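Open the model in your viewer, and let's take a short walk through one part of it. Keep the selection tool handy as we go.

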Amino acid sequence: MSAPIVEPLVSPFIGERFAETDHIDALIAPPYDVVDEPARDALLARDPHNIVRLILPEGNGDKYANAATVLRTWRDAGVLVRDPEPSVYVLRQEFATPGGTRHTRTGLLGALAVEPFGAGRVKPHERTHAEPKADRLALLRATDTVFDALLMLTRDENHELRTALTRVTQLEPLWRTTFDDVHTTMWRLTGQDALHLALAASTGSLYVADGHHRFETAVSFREERPEAVHTLGLIVPLGDPGLVVLPTHRVIHGANVDVDVVVEGLREWFRLHEVAPDRSYVEALAGLQERGTACIVVQPDGNAIALLMKPDASVADLPFAAQPSVASLDVARVDELVVKALAAQAGPEATVRYSADAGQVIETVLHGPAVAGVLVNPTTVEQVLRVADAGAVMPQKATYFTPKVPSGLVLLGLGS
């Protein structure tokens, strides 16, 4: 009996793109979940054909039906055009991290196979929530179209994908643009070149870096529509020098907190010392990174306390103790021991919010309305993969892969 045919994880596809590429920066948008109402208005002010009209539709009654109507109108008017043959696309993003260091990240954008995580070829590291998945599923049902790509990682152990991507970036691109301070370049490949790239990206497992809700939504849609076998993914090899994870700092809102009292109660696990007021909090935290789990708690009066976990501190009684890949994470330990203690003293109405911008966190604490901030070091990419391989999940907002993959680069139609 012959073995069943397993489709590649990544395939070329008939892409659909904006016909005008000389002002692509006015047509693409950040992913839906990072666009608030003022940002949406600003994007539409740049161009009424901005993809945000489709990923965050408006309208009285059924906004998803409105998105389908707009999409159909754009297709009829030639705003969107289909590429004539199956293709893959190479995306290079050049950007700076908050400290000013420049990076370049390069990945392959292709049709990603949709299958349950239980199949083992696509691995998550986050827990998802029902509401955003219901929203994305309603949009998929109405439009039969994928508007944005998930960010995926591959170990690329033989460096085949990374080598092939480097060769492509020597060719003439489709377009170049600068969007959200990220210089972005895209290439299109067809024929055997496209197949070679897709197969290189299909070797080994793929890991969801950003887009868990959208992937699970695609799985649900395939259960309804068996022919909807693909979504979009930007696959980045692990050795890419621009693969960057920023820390996601914690911001506590609620009643006033006596931080000194809270941190005094943490001496069982941490060594404590005040951070000199003339020293950068971020630099002070980075200096502790090699010494173990650490964080810095910022107070409204401008004082800050550094917490460094003791080498002999036990985490055996913490909820994630039975999951070594999670128990080793700074953010898991800090959330459970420090953030929860601060939030508990901030009262029953306390909330915890998140930001990758340490300066914004400090400003929010010093000038209100936050009552405390907790700065954390970043989770590493290898830690993300280790959690995924173990079948575990990270704490909420444990990673912030940057930059985001813009929506509207290429569309994937799922209609029969």
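Two strands count as paired here if DSSP finds at least two bridges between them. Keep in mind that this is a predicted model.

With that rule, start with the whole sheet: six strands form an open sheet in the order 15-17-16-19-14-18, and the pairing is antiparallel. At its edges stand strand 15 (270–274) and strand 18, each with a single partner strand, so one side of each has no neighbour in the sheet. From one strand to the next, the twist averages 20°.

Next, select strand 14, residues 249–253. Is this strand buried or exposed? Five of its five residues are buried, so the rest of the structure largely encloses strand 14.

Strand 18 (residues 351–355) pairs with strand 14 in the antiparallel sense over five bridges. Click on Ile252 and you will find its bridge partner in strand 18, Val352. Strand 19 (residues 372–376) also runs antiparallel to strand 14, with three bridges joining them. Here, look for Val251 opposite Gly373 of strand 19.

Move on to strand 15, which pairs with strand 17 (residues 304–309) in the antiparallel sense over five bridges. Phe270 stands opposite Met309 in strand 17.

Last stop: select helix 9, residues 281–288. This helix packs on the sheet and touches strands 15, 16 (294–298), 17 and 19. Its direction makes about 160° with that of strand 16.

Technical notes
Residues numbered from 1 in each chain as written. Predicted model: local features only at pLDDT ≥ 70, side-chain atom pairs only at ≥ 80, totals over all residues. Heavy atoms only, no water. Buried < 20%, exposed > 50% of the residue type's maximum accessible area, 1.4 Å probe, protein only. Helix = DSSP H or I, 4+ residues; strand = E, 2+ residues; numbered from the N terminus. Axes fitted to C-alpha atoms, helices over the stretch in contact; angles between N-to-C directions. Contact = heavy atoms within 4.5 Å.
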